[in-house]
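Hi there,

Here is the structure I promised to pass on to you.

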Amino acid sequence: MQLSEGARSVPAGADLAHIETWIFDLDNTLYPSSSHLFDQVSQRIGAFIATALELDPAEAKRVQKSYFREYGTTLRGLMLKHGMDPAPFLEYVHDIDLSPIAPSDDLEAALGRLPGRKLVFTNADAPYAERVMARLGIGHHFSDIYDIKAADWVPKPFPEAYERLRLLHAVEPERAILFEDILRNLAPAAALGMATVWVRSDSDWAASGADGITPDYVTDDLAAWLGALHASWAADGGGGRAG
Ligand SMILES: [Mg+2]
């Protein structure tokens, strides 16, 4: 794909030895999109819109996609254009079956070996993020979840969301890295000075509206990428990052 030209698939450990804050998107980043877990959320968003706005399913889907493109998330569009209360929406769309995802020993181990703190930065809400991370067996590695409520309802990719994250969590952008499956959500992080990793997925949302964005790295497998980073550090004799 032309969007990933210039992005590297293998992490260069020496280039990332300065990272102190590891920031991860949740959906389709900390678990593989091939699980189709997020498809359940997406379908429930469509159903919620159909009921709330009294639309047929096809029109609801069109509104869902158009708000996602224009407002960052469908919820933001519903709040701004229809004055919708976010709480019932978030509860309904995240009431899904988590059985398609399973604990990942490789990811758990790779996260555990990362030096520094780990944060989740999600356009979803914290109760859902906690359930997903508990299911994956990785929640104990994260010091905090910066969710859509903490972001004062302004989602990625709006720069205000990243600026608020920076202030609330005292993130030094030059010492931070963001992992994310939706390519356009990496651009504001890069603009602040963060390193970026596109965890590429087969979702039709992943690369939409992202012309001209080149992440520093691209991978199809987060755990394998982190494993390669640890291997690079080990080969460098630790480089201060013995892991
Ligand atoms: Mg995501």
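**How the helices pack**

Please keep in mind that this is a predicted model. Let's start with helix α5 (residues 105-112) and helix α9 (residues 222-235), whose axes come within 9 Å and cross at roughly 40 degrees. On the α5 side you will find Asp 106, Leu 107 and Ala 110, which meet Leu 222, Ala 223, Leu 226, Gly 227 and His 230 of α9. Sorted by class, this contact of α5 with α9 has five nonpolar residues, two polar and one charged.

Now turn to helix α1 (residues 37-52) and helix α2 (residues 57-71): their axes are 8 Å apart and they pack at an angle of about 110 degrees. That makes α1 roughly perpendicular to α2, and the crossing of α1 and α2 is right-handed. Here Ile 45, Gly 46, Ile 49 and Ala 50 from α1 meet Pro 57, Ala 60, Lys 61, Val 63 and Gln 64 from α2. The classes in this contact are six nonpolar, two polar and one charged.

**The cores**

Which residues have the most contacts inside the largest nonpolar core? They are Ile 23, Val 120, Ala 129, Ile 177 and Leu 178, in a core of 50 residues. Leaving aside neighbours within four places in sequence, Ile 177 touches Leu 16, Ile 19, Trp 22, Ile 23, Met 194, Ala 195 and Val 197. There is also a second, separate core of twelve residues, including Ile 49, Leu 75, Leu 78 and Val 93.

Enjoy exploring!

How values were computed: Residues are numbered from 1 along each chain as its sequence is written. This is a predicted model: local features need pLDDT of at least 70, side-chain atom pairs count only at pLDDT 80 or more; totals for chains, interfaces and linings use all residues. Axes are lines fitted to C-alpha atoms, for helices over the stretch in contact, and angles run from 0 to 180 degrees between N-to-C directions. Helices (H or I, at least four residues) and strands (E, at least two) are DSSP runs, numbered from the N terminus. Two residues are in contact if their C-beta atoms, placed from the backbone, lie within 7 Å. Ala, Val, Leu, Ile, Met, Phe, Trp, Tyr, Cys and Pro count as nonpolar, Asp, Glu, Lys and Arg as charged, and the others, Gly among them, as polar. A nonpolar core is a set of buried Ala, Val, Leu, Ile, Met, Phe, Trp, Tyr and Cys residues joined through C-beta atoms within 7 Å. A residue is buried if 20 or more other C-beta atoms lie within 10 Å of its own, exposed if 12 or fewer, and partly exposed in between; C-beta atoms are placed from the backbone. Angles under 35 degrees count as roughly parallel, over 145 as roughly antiparallel, 65 to 115 as roughly perpendicular and the rest as oblique. A crossing is left-handed if the near helix is turned anticlockwise from the far one by less than a right angle, and right-handed if clockwise.
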